[in-house]
Amino acid sequence: MKHPNWGKAWDRVHVGCDLYAPSRVEMMLKDVEGLTVDILAAMVLEGRRYVVQELTITRRDGGPPITSELLRGVPVHSLLRGSVSAALQLRIPEPGPEGTTTHTMGLFVLPQRERRRLVKAGPTDETLLWVARVYIFAELSGDPPAKHVKDVFKVPTSTAGYWIRRAKDRKILNG
């Protein structure tokens with residue numbers, strides 16, 4: 001049975017630092033490696049974190065039964081991360097007739113050249129804005145935000161923590 005809201009367009013809400021996320025994300029997964037079922041999932045935004053609201057697991061015709069072992073194998077965290085990657089938008093205001101440029105975040109990867117430039121510049125407002133964006137992306141995905149900042153910028157844990165504190169002190173990052 002199909003849920004009455006599947007396929008509906010959901011409003012995007014501002015989650016900070018020019019990032020916009022849908023209030024609800026729905027996805028249908030077929031052919032998940034290692035699973036013999038189809039997964040229908042709905043995630044809702046609570047604060048700056050997605051939580052699974054609905055999860056429907058459907059046995060394929062002639063497939064093996066749904067067991068507790070199969071349920072434990074459902075990659076819920078991967079569902080969240082994939083949903084955020086596909087749905088998050090970065091809207092950068094542009095001066096001039098173009099207005100705002102919208103980018104889909106995809107898997108959050110800073111180009112190596114840009115990452116090096118930001119790291120070399122240190123905790124400038126621009127660097128801290130990107131730190132805040134990376135932090136928010138991790139929060140939405142359910143990943144540890146400080147570790148994500150450390151990994152994306154390839155800096156020591158102490159530097160990532162310092163930059164996060166500076167971004168919060170300067171009110172670039174709320175929370």
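The legends below describe close-up views of a predicted model. Residues are numbered from 1 along each chain as its sequence is written, and side-chain values use heavy atoms, with hydrogens and water left out. Local features need pLDDT of at least 70 and side-chain atom pairs count only at pLDDT 80 or more, whereas totals for chains, interfaces and linings use all residues.

**View 1. Overall organisation of the chain.**
The chain contains six helices and seven strands, where helices (H or I, at least four residues) and strands (E, at least two) are DSSP runs numbered from the N terminus. Their order from the N terminus is β-β-β-β-β-α-α-β-β-α-α-α-α. Of the 175 residues in the chain, 38% are buried; buried means under 20% relative accessible area, exposed over 50%, and partly exposed in between (1.4 Å probe, protein chains only). Among contacts with a separation of 6 or more, 50% join residues 24 or more positions apart, a contact being heavy atoms within 4.5 Å. The chain exposes about 10,000 Å², and carbon and sulfur atoms supply 53% of this area (Shrake-Rupley method, 1.4 Å probe; for residues, only the protein chains shown count as cover).

**View 2. The hairpin of strands E4 and E5.**
Strand E4 (residues 37–46) pairs with E5 in the antiparallel sense over 10 bridges; pairing requires that DSSP finds at least two bridges between two strands. The two strands form a hairpin with two residues between them, and glycine 47 in the turn has a positive phi of about 65°. Alanine 41 stands opposite leucine 55 of E5. Valine 52 also belongs to E5 (residues 49–59) and is partly exposed, with a relative accessible area of 31%. Val52, Leu55 and Val76 form a nonpolar surface patch with about 180 Å² of accessible area together. Patches are made of residues with over 30% relative accessible area and no salt bridge, like charges being joined within 9 Å and nonpolar side chains (Val, Leu, Ile, Met, Phe, Trp, Tyr) within 5 Å.

Glutamate 54 forms one with arginine 24, the closest N and O atoms being 2.7 Å apart. This pair links distant parts of the chain, with glutamate 54 in strand E5 and arginine 24 in strand E3 (residues 24–29), 30 residues apart. Arginine 24 is buried, at 10% relative accessibility. Arg24, Glu26 and Glu54 are linked in a network of salt bridges.

Glutamate 126 and arginine 117 form a salt bridge in which the closest N and O atoms are 2.6 Å apart. Glutamate 126 is partly exposed at 37% relative accessibility, and arginine 117 is partly exposed at 38%. The side chains of arginine 170 and aspartate 125 also meet in a salt bridge (2.9 Å, N to O). Arginine 170 lies in the segment after helix H6 (157–169) and aspartate 125 in helix H4 (residues 125–141), so this pair ties together parts 45 residues apart in sequence.

**View 3. The largest nonpolar core.**
This core has 42 residues, and those with the most contacts inside it are Val15, Tyr50, Leu88, Leu140, Val149 and Phe153. A nonpolar core is a set of buried Ala, Val, Leu, Ile, Met, Phe, Trp, Tyr and Cys residues joined through side-chain atoms within 4.5 Å. Elements giving two or more residues include strand E2 (19–22), helix H2 (76–87) and helix H5 (145–153), while H4 gives the most, with nine residues. Leaving aside neighbours within four places in sequence, phenylalanine 153 contacts Leu110, Arg115, Leu118, Val119, Trp130, Val131, Val134 and Trp163.

Conventions: Salt bridge = Lys/Arg side-chain N within 4 Å of Asp/Glu carboxyl O.
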